[in-house]
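Please look over the model before reading on.

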Amino acid sequence: MSSWNPWHGCRKFSPGCLNCYVYRMDGKFGRDPSRFSLTSAFRLPLEKFRGGKKKGSYKLQPDGDAVYTCFSSDFFLEDADQHRPEAWNAIRLRPDLHFFIPTKRIHRFADCLPPDWGDGYANVTIACTAENQAMADKRLPLFISLPIRHREIIVEPMLEKMDISPHLSGISHVIAGGESGPEARPCHLQWIISLQRQCKAANVPFRFKQTGARFINEKGILVNVARRCQQCLAAGYRLGSSV
Ligand code: SF4
């Protein structure tokens with residue numbers, strides 16, 4: 001799995017942002033997470049090796065997985081407006097890579113597109129995040145109306161039981177999970193099961209990515225999950241008959 005974080009820093013504006021991991025990580029190092037800055041990887045997709053056996057080849061190579069893009073900020077953050085055209089250009093020039101871009105700012109999407117976007121770049125997946133029913137009702141109708149070739153929904157951190165069934169047309173994947181970190185809000189298995197059923201009825205692939213740190217299991221019992229176990233536990237529920 002490869003990643004590309006062209007810029008860093010973000011501002012909270014949604015219930016799902018409350019315990020943002022960028023804030024948690026930056027806090028540990030005394031860094032201000034709301035301060036926007038370009039990273040040293042800003043031009044990574046177009047960087048090439050200057051010497052050695054790989055001289056002339058791109059540093060970022062296809063690895064069979066998507067390039068997870070802008071995970072320490074939001075690609076559609078206002079502060080990035082003047083820099084985004086250059087990022088789009090890098091994406092355009094690397095059709096051999098597939099860029100996976102999550103966002104909570106889908107309302108800004110239409111104003112942030114490159115001139116040749118058309119009905120979407122073939123090498124870009126936009127993933128709209130909706131963490132509760134209010135955000136789903138607000139963002140998803142807009143999301144499915146936008147010109148995007150590949151679109152996914154991320155329900156993470158899942159904060160309550162949700163009905164996203166009216167918004168699954170044209171969605172290629174739904175990913176759900178609980179919240180991580182010491183202040184994590186609980187996620188219920190029943191919410192995950194409900195979401196999985198909605199996706200199954202709409203024939204949309206569903207992935208239960210992680211339980212989160214505080215997970216209410218099928219018996220209604222709170223499980224405090226060590227971080228390293230979350231994906232294993234989620235996988236266990238997937239492999240079993242529960243989800
Ligand atoms: S949009 Fe994402 S990166 Fe930005 S504050 Fe919210 S959770 Fe953090």
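Two bridges join S9 to strand S11 (residues 214–216), and the two run parallel. This is a predicted model: local features need pLDDT of at least 70, side-chain atom pairs count only at pLDDT 80 or more, and totals for chains, interfaces and linings use all residues. Residues are numbered from 1 along each chain as its sequence is written.

**The S9-S11-S12 sheet**
- Three strands form an open sheet in the order S9-S11-S12, with mixed pairing. Strands pair if DSSP finds at least two bridges between them.
- S9 (187–188) and S12 (222–224) are the edge strands, each pairing on one side only.
- His188 has Ile216 in S11 as its bridge partner.
- Strands of a sheet pair through backbone hydrogen bonds, either parallel or antiparallel.

**Overall fold**
- The protein chain has 5 helices and 12 strands. These are DSSP runs, numbered from the N terminus: helices are H or I of at least four residues, strands E of at least two.
- The C-alpha trace spans about 55 × 40 × 35 Å along its principal axes.
- Buried residues make up 34% of the 243 residues. Buried means 20 or more other C-beta atoms within 10 Å of the residue's own, with C-beta atoms placed from the backbone.
- Of the contacts with a separation of 6 or more, 73% join residues 24 or more positions apart. A contact requires C-beta atoms, placed from the backbone, within 7 Å.

**Nonpolar core**
- The largest nonpolar core has 54 residues, and Ile153 and Val155 have the most contacts inside it. Such a core is a set of buried Ala, Val, Leu, Ile, Met, Phe, Trp, Tyr and Cys residues joined through C-beta atoms within 7 Å.
- Elements giving two or more residues to this core include helix H3 (133–145), strand S7 (150–155) and helix H4 (189–201).
- Beyond four places in sequence, Val155 touches Ala130, Glu131, Met162, Val174, Ala176 and Leu195.

**Thr69**
- Thr69 lies in strand S4 (residues 67–69).
- Thr69 is buried because 24 other C-beta atoms lie within 10 Å.
- Thr69 and Trp4 are 65 residues apart in sequence, yet 4.8 Å apart in space, C-alpha to C-alpha.

**Ligand shell**
- Residues around the ligand include Cys10, Lys12, Cys17, Asp74 and Lys104.

Conventions: Buried ≥ 20, exposed ≤ 12 C-beta atoms within 10 Å, placed from the backbone. Near = placed C-beta within 6 Å. Contact = placed C-beta atoms within 7 Å.
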